[in-house]
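Here's a quick briefing to read with the model open next to you. We'll start with one pairing question, then go through the fold topic by topic.

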Amino acid sequence: MRLVDFDQVTLSSLNRHAVAKLKDVGLSKATVLCNHLRDICPDPNRLILDPVAKMYTGDPERDGGMLEPPKGREWDVLIDAIDDVPTKANLISYCAKNNIRVISCMGAGGKADPTRIHISDLRSASRDPLATAVRQKLRLMGKKDAKVRGEKITNGSGVANGGWLSCLDDDSKLSVVFSSEKVVCKLAAITDEQKEEGMQNFGAVDNMRVRVLPVLGTMPALMGQALAAVAICEIGKKPFSPLGAERVGRNVRHKIYQHLTTRERKFEADQRPNLKEGLKSCTTSGIYIGPVQIDPDDVEYLMAELWKNKCGISGERLGTVLELYRWDKTRPATPNNLVLMSVKSAQKFEKDFESFGDGRLGLDPNVRERIETRLKMCILGAEDV
């Protein structure tokens, strides 16, 4: 475990530092945390720690091998709690380009309500000034990279052309912990004495924020626990799907369910002449026909929790028309075989089914793998995938 933090324990940070004590003021935060963990597990063979009291800059020459994993290993996950926008964006873009899984913490300052903490993709993080600034910075970086390569970002996220900027929408690459509470406190005012003395004398590092954003000690702790929960469950091969999207209205759920059942009944009628002899639900080409095996209440779980109210193929969100479509036509329409699609994506998917006998064959392999990974996370499946 590599612990990176250039900062030192200060009196003002003791209210939100889980392991530092008064005697630790002035010491490196990375070193203090390392010492605390070593008290819990003294065995260096079971707990390997590598504290780095240095600032990540995004400059390979200055950073050295800070992000290089131990020889012969790969990082399981990188947890980011940087609060400087350019530095945070540089780290996320580096990880996205190098396929390093990131769990990132957004702003805890000026907030207090623990019930407003969420885990989602970066684009879904709302009412979070840090998340907004990081999104904007990453988009500018993505456009710059695309221009250098002579490419064009085909939609707002970069999902459509598979660029690294797809991390904005893909929570399997980048998950963020954020609070949707409106900021209730602003940066502390600069005093006349500070102005006279010169603000450059109050910053620990050049070009970084020197004014204090009030922080309630419980918020960083709660958000840190959320970061840890995501990381531990993923490393333990027991990932969960956070509920980060808004609830779907009853009328919308009912309409999507009715559209799905109507479409499946029509498909069944079209395929029935091709039934394999002696079978009631399988055609000669292996296509399953039969009733939909979900109910209207399952629609909310599929939309809000499994697919986060966005198209599984393109990443398009509510605001476009979204419908549930059967993914593998050789299997029934169970919860773990239904994908939320926009009209445009669904039309292509169905057209590819007519052309190839399997709509999945017309998809980019990375998109297909991402969707099938998500389907395996469905907890409502009536059968194993």
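Which residue in S8 is the bridge partner of Glu323? It's Met341.

Before the details, a word on where this comes from: this is a predicted model, in which local features need pLDDT of at least 70 and side-chain atom pairs count only at pLDDT 80 or more, while totals for chains, interfaces and linings use all residues. Residues are numbered from 1 along each chain as its sequence is written, and side-chain values use heavy atoms, with hydrogens and water left out.

**The big picture**

- The protein has 10 helices and 8 strands; these are DSSP runs numbered from the N terminus, with helices being H or I of at least four residues and strands being E of at least two.
- Of its 385 residues, 41% count as buried, where buried means under 20% relative accessible area, exposed means over 50%, and partly exposed is in between (1.4 Å probe, protein chains only).
- Take the contacts between residues at least 6 apart in sequence: 64% of them join residues at least 24 apart. Contact here means heavy atoms within 4.5 Å.

**The four-stranded sheet**

- An open sheet of 4 strands runs in the order S3-S4-S6-S5, with mixed pairing. Two strands pair if DSSP finds at least two bridges between them.
- The edge strands are S3 and S5 (117-120), each pairing on one side only.
- On average, neighbouring strands of this sheet are turned by 15° against each other, direction ignored. For angles like the ones further down, axes are lines fitted to C-alpha atoms (for helices, over the stretch in contact), and values run from 0 to 180 degrees between N-to-C directions.
- S3 (residues 78-80) pairs with S4 in the parallel sense over 3 bridges, and Leu78 stands opposite Val102 in S4.
- S4 also pairs with S6 (residues 174-179), again in the parallel sense, over 4 bridges. Ile103 stands opposite Ser175 in S6.
- H3 packs on this sheet, touching S3, S4 and S6, and its direction makes about 160° with that of S3.
- S4 (residues 102-105) is covered on both faces: Val102 and Ser104 are buried on one side, Ile103 and Cys105 on the other. As background, side chains in a regular strand alternate between the two faces of the sheet.

**H3 against H4**

- The axes of H3 (residues 85-97) and H4 (residues 129-149) come within 9 Å and cross at roughly 55°.
- That angle makes H3 oblique to H4; under 35 degrees counts as roughly parallel, over 145 as roughly antiparallel, 65 to 115 as roughly perpendicular, and the rest as oblique.
- The contact residues divide into 9 nonpolar, 2 polar and 4 charged. Here Ala, Val, Leu, Ile, Met, Phe, Trp, Tyr, Cys and Pro count as nonpolar, Asp, Glu, Lys and Arg as charged, and the others, Gly among them, as polar.

- Leu130 lies in H4 and is buried, with a relative accessible area of 14%.
- Leaving aside neighbours within four places in sequence, Leu130 is in contact with Ile82, Asp83, Val85, Lys88, Cys105, Met106 and Gly107.
- Ala228 is found in H6 (residues 218-235) and is partly exposed, with a relative accessible area of 28%.
- Ala228 and Ile79 are 149 residues apart in sequence and 8.6 Å apart in space, C-alpha to C-alpha.

- S7 (residues 322-326) and S8 (residues 338-342) pair in the antiparallel sense over 5 bridges.
- In S7, 5 of 5 residues are buried: Leu322, Leu324 and Arg326 point one way, and Glu323 and Tyr325 the other.
- H8 (residues 296-306) is mostly covered too, with 8 of its 11 residues buried, including Val299, Tyr301, Leu302 and Met303.
- Those buried H8 residues pack against H7 (250-271), S7, S8 and H10 (365-376).
- After H8 comes Lys308, whose phi is positive, near 55°.
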